[in-house]
Amino acid sequence: MALVLFGISGLIGNWIFGYIQDSMGRRPAFFIYLLIESIFAIATAFAPTFGIWLACRIGVGFTVPAIMGTPFVMAIELVGPSWRTHVALLANVVYSCTLCLLGVVVWLVRDWRQMSLATSLPFLAFFFYWWVLPESPRWLLSQNRLAEAEVEIRKMARINKRSLPAGYFNQFKTNVEESGDDMDSSRSQPTYGALDLVKTPNMARKTAIVTFIWFTVTSVYVGLSYYAPALGGNEYLNFLLAGVAELPTYFFLWPTMDRWGRRWTLCFSMILGGVACLATLSFQDDYVVMLVLYCVGKFGISSAFVVLPLMASELYPTVVRGIGISISGVAGMLGPIFIPLINYLGTESLMVLPLMIMGGLMVAGGLCALTLPETLHQHLPQTLEEGELFGKDFGYKQWLTCCPPRPNRREHGKDVAQRLAENSDVAKPLVSLTIPSSVTSAI
């Protein structure tokens, strides 16, 4: 019950906080999540009854997906295309190392109250980020808050010892003036919601595919983590090995994500993990082989867990990126609601039944990944128009293509401008504010 309610609260919180980060900004949204989570997490350790403890856990679950997702979105928006893979992998390397550390902490600190404090008090240190964490310049530009965006971009250029082109910010002011928007943000900015993700056919198709894969990845990742004690042997060791199994994924992902592309890396990872889970049906009585296949499955789903958020962030345009990630995340959070129940489906005669279900989901998700347009070497779409145009011509003939070449930056920019001119009636009108490569490379 605790795990199911934890998942339900995360589903609700993810939906709400998606709107918060797209309306208020990435930076203030993060600290709102952090405050809520810190209060409830620390209170958990002092709960006198199960009911109060459960209420505190629901409060923690309310913020967990958002407090993980918002910094990731912010990091992706702070760098140029060539650095997005590095940022995504670095964030997940730290996550996997901390997952291994969690196994050690729980083994050393057996009292659950002390363990709650040991895993929640470190969150207080993140409040010191208030003085160093910047706002996303892409989000500021999408809101026409040009003065604030200029401050952030100049700060980045100064710290990285790079110089901005002369008159660089004048192009944004000119575009805003031509669009009739108020640079002072005194007029209300366009508001966006979940319906904007499905109003146009290409965006609706991409949203549906990403959401299904997100549901699969989250369900299987959480499910395999919960399943570790059922393998037999030392449950602490099993959990630790499940975390260790994620570390080799980054040696695999670092070259493949920038060579194969996002689609094929995601597809291969999910199918590999799915086949490993399905193969456990033939080795139920062999603990060692079961553990090896389990780790291969964890390897595959962990790889997908890295690639999918990055690819989704590159597919959703800036003005609805937070909402898009949240919508897909909400669907993903349905998995942790049902996975604890699915894990209990395993019986003594068929303990691998949950693995069979998760393996089938992974294979299906991997095949769906091939139908998404490739995002490697592509600039992030800023507006709804750019989001609809991105991958619009991507058909079944391109599904099996791999290793996309690096495009010529100048020709790519001309192509985007031409397609925007030809499709000016797509979605809501909003000035196109694309950060040129001269700045993204400097960042």
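Which residues do ring pairs link into a cluster? Select Phe252, Trp260, Phe268 and Phe299: ring pairs join these four into a cluster. Rings of Phe, Tyr and Trp (its six-membered ring) pair if their centres lie within 6.5 Å; planes under 30 degrees apart count as stacked, over 60 as edge-to-face and the rest as tilted.

**Before moving on**

This is a predicted model, where local features need pLDDT of at least 70, side-chain atom pairs count only at pLDDT 80 or more, and totals for chains, interfaces and linings use all residues. Residues are numbered from 1 along each chain as its sequence is written, and side-chain values use heavy atoms, with hydrogens and water left out.

**Whole chain**

Show the cartoon. The protein has 18 helices and 0 strands. Both are DSSP runs, numbered from the N terminus: helices are H or I, at least four residues, and strands are E, at least two. Of the 443 residues, 51% are buried. Buried means under 20% relative accessible area, exposed over 50%, partly exposed in between (1.4 Å probe, protein chains only). Take the contacts between residues at least 6 apart in sequence: 83% of them join residues at least 24 apart. A contact means heavy atoms within 4.5 Å.

**Aromatic pairs**

There are 12 aromatic pairs. Select tyrosine 221 and phenylalanine 305. Their ring centres are 4.4 Å apart and their planes at 15 degrees, so this pair is stacked. Tyrosine 221 is in helix H9 and phenylalanine 305 in helix H13, 84 residues apart. Tyrosine 221 is buried, at 5% relative accessible area.

Now go back to phenylalanine 252 and phenylalanine 268. This pair is tilted, with 5.7 Å centre to centre and 40 degrees between the planes. It links helix H11, which holds phenylalanine 252, to helix H12, which holds phenylalanine 268. Phenylalanine 252 is buried at 17%, whereas phenylalanine 268 is partly exposed at 37%.

**The largest core**

Select Ile213, Leu224, Leu253, Leu266, Ile301 and Leu355. Within the largest nonpolar core, of 57 residues, these touch the most other members. Such a core is a set of buried Ala, Val, Leu, Ile, Met, Phe, Trp, Tyr and Cys residues joined through side-chain atoms within 4.5 Å. Helices giving two or more residues to this core include H3 (50–78), H9 (201–227) and H15 (353–369). H13 gives the most, with 12 residues. Zoom in on leucine 253. Among the residues it touches, leaving out those up to four places away in sequence, are Leu89, Ser303 and Val307.

Another core lies apart from the largest one. It has 13 residues, among them Phe17, Phe31, Tyr33 and Leu78.

**Helix H2**

Select residues 26–44. At 1.5 Å a residue, these 19 residues should span 27 Å, and the end C-alpha atoms are 27 Å apart, which agrees. The expected span is 1.5 Å times one less than the number of residues. Buried residues in H2 include Arg26, Arg27, Phe31 and Tyr33.

Stop at arginine 27. Its charged end sits over the ring of tryptophan 130, 4.3 Å from the centre. The rule here is NZ of Lys or CZ of Arg within 6 Å of the ring centre and within 35 degrees of the ring normal.

**Last stop: arginine 321**

Is arginine 321 buried or exposed? It is buried, with a relative accessible area of 0%. Arginine 321 is found in helix H14. Its side chain makes a polar contact with the side chain of glutamate 77, at 2.7 Å. A polar contact is a pair of N or O atoms within 3.5 Å; within protein, one must be able to donate a hydrogen and the other to accept it, and residues adjacent in sequence count only if both atoms are side-chain atoms.
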